[in-house]
Amino acid sequence: MTDHMPTDEVTPGTRLSPGAVAPPKAIKDPLPDWNPRGPRVRRDPVSAYDEMRSRCPVARGASGAWTLFSHADVTAAALDHQVFSNAVSRHLQVPNGFDEATHTEFRALVDRYFTRKRMTALEPAVQRVAAELVSQFDVPGPIDAVEVGARFAVRAQSAWLGWPLDLEGELLQWMADNHAATRSRDGARTAEVAQRFDAIIRSLIDARREAGDAAPDDVTTELLRDRVNGRELTDEEIVSILRNWTGGDLGSIALCTGVILTYLADHSHVQARLRSGVSDREFNAILDEILRIDDPFVANRRITTEPVTVGGRELAAGERVFLNWASANRDPQMFGDPDAFDPLGNAPYNLVYGIGKHVCPGRPLATLELRALTRAVLETTVTIEPNPDRRRQRALPPVGGFAAAPLRLR
């Protein structure tokens, strides 16, 4: 989900409560030195975004790019598919880099791989992966929840796509290199890491093509033979889809696992509730609420197609806009106390996976994987606790969550 975090210092904007019509309000203490990659965000990104939303909810950086921080503004922009276009990347992104009919066609294709029937059929395999991984833990003993999530993500995704297990080491190394390249903001380094991942994907689809009818009966082969609008997919389209399914989701599951297990360690009553044997529906709602409170998916990009007014600020056509989901998900105008735990009450307004027709296609799979792994950890332990011997380390923009989440299992 997260593909960008603003890197500029910003100037103050104005704020309107959801549904209210009011003149712009003067902002005191406008934080002229705000830097989303600066020491304040590195120390405590959650409170930094909270402060930015309250003082500067519509902000423009030195590069000219805008960032929206309030729930009302982020939601309105995400739902206005005409004015806020998703065609923001120089690279092919299927399906969410498209608008209009092209997006609809490719989204219909992608959604077929995440139906409830398919996820139900996949669940036993994902549960086995989670159980096998957790069985390797030393209990009692320490873990890093992010490392656990990364290893699980690689194994679960490989099981789903039919990828060989011997790719695990290469994929784990790629995840680490990809995060480092993204943080570096070095275009050449980022491009090299992306090309490396594309090469992995192309080797897998090339092998299936060579095998012909003897190719494995798995999701990767199915995608290779799928069609959109009556034609075969191009290699570039196949690589783009698989890149989104894997390259994006591997890191996302790792970050989510770090946030979820850390929250459970810090909130024993929530951990106890999950241990009591709740339904899948309640389990999912609890996971989503934890991710709302500490959203690892910081922001997504849009570009305006025509002039528009947001929060009293005039945006011209062609403006770059970033929707800060992490801030919007903690907006007191929508959630009251953003740290108050209310899974069912907050569910309709939760933006962890986005909103509108560009909502994350892989949400059903991500939810299944996170539920399976969390349940496996709970079933193998008596309690998950903070690790007093190691400090937690926040992930650096453009991602949220933790880079290191040390915990103890008992």
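Axes here are lines fitted to C-alpha atoms, for helices over the stretch in contact, and angles run from 0 to 180 degrees between N-to-C directions. Helices are DSSP runs of H or I with at least four residues, and strands are E runs of at least two, both numbered from the N terminus.

Who makes the contact (heavy atoms within 4.5 Å)? From α10 come C256, V259, I260, Y263 and L264, and from α12 come L287, I290, L291 and I293. By class, this contact has 9 nonpolar, no polar and no charged residues. Nonpolar covers Ala, Val, Leu, Ile, Met, Phe, Trp, Tyr, Cys and Pro; charged covers Asp, Glu, Lys and Arg; the others, Gly among them, are polar.

## About the model

Please keep in mind that this is a predicted model: local features need pLDDT of at least 70 and side-chain atom pairs count only at pLDDT 80 or more, while totals for chains, interfaces and linings use all residues. Residues are numbered from 1 along each chain as its sequence is written, and side-chain values use heavy atoms, with hydrogens and water left out.

## A sheet of three strands

An open sheet is formed by 3 strands in the order β5-β15-β12, with antiparallel pairing; two strands pair if DSSP finds at least two bridges between them. Its edge strands, β5 (141–144) and β12 (384–386), each pair on one side only. Direction ignored, neighbouring strands are turned by 40 degrees against each other on average.

β5 and β15 (residues 406–409) pair over 4 bridges, and D144 stands opposite P406 in β15. Helix α6 (residues 145–161) packs on the sheet by touching β5 and β15, its direction making about 65 degrees with that of β5. α10 lies across β5, β12 and β15, running at about 85 degrees to β12.

## The second largest pocket

α12 also gives the most to the lining of the second largest pocket, with 6 residues. α5 (116–134), α15 (343–346) and α16 (363–380) are among the helices that each supply at least two. The pocket has a volume of about 560 Å³. Of its 21 lining residues, D280, R281, N284, T367 and R371 are the closest to its centre. The lining divides into 8 nonpolar, 5 polar and 8 charged residues.

A pocket is an open set of points on a 1 Å grid over the protein atoms alone where a 1.4 Å probe fits, with protein on both sides within 12 Å along at least five of seven lines; lining residues have an atom within 4 Å of a point. Points are joined across faces, edges and corners, and the volume is the space filled by probe spheres set on them.

Definitions and conventions: Contact means heavy atoms within 4.5 Å.
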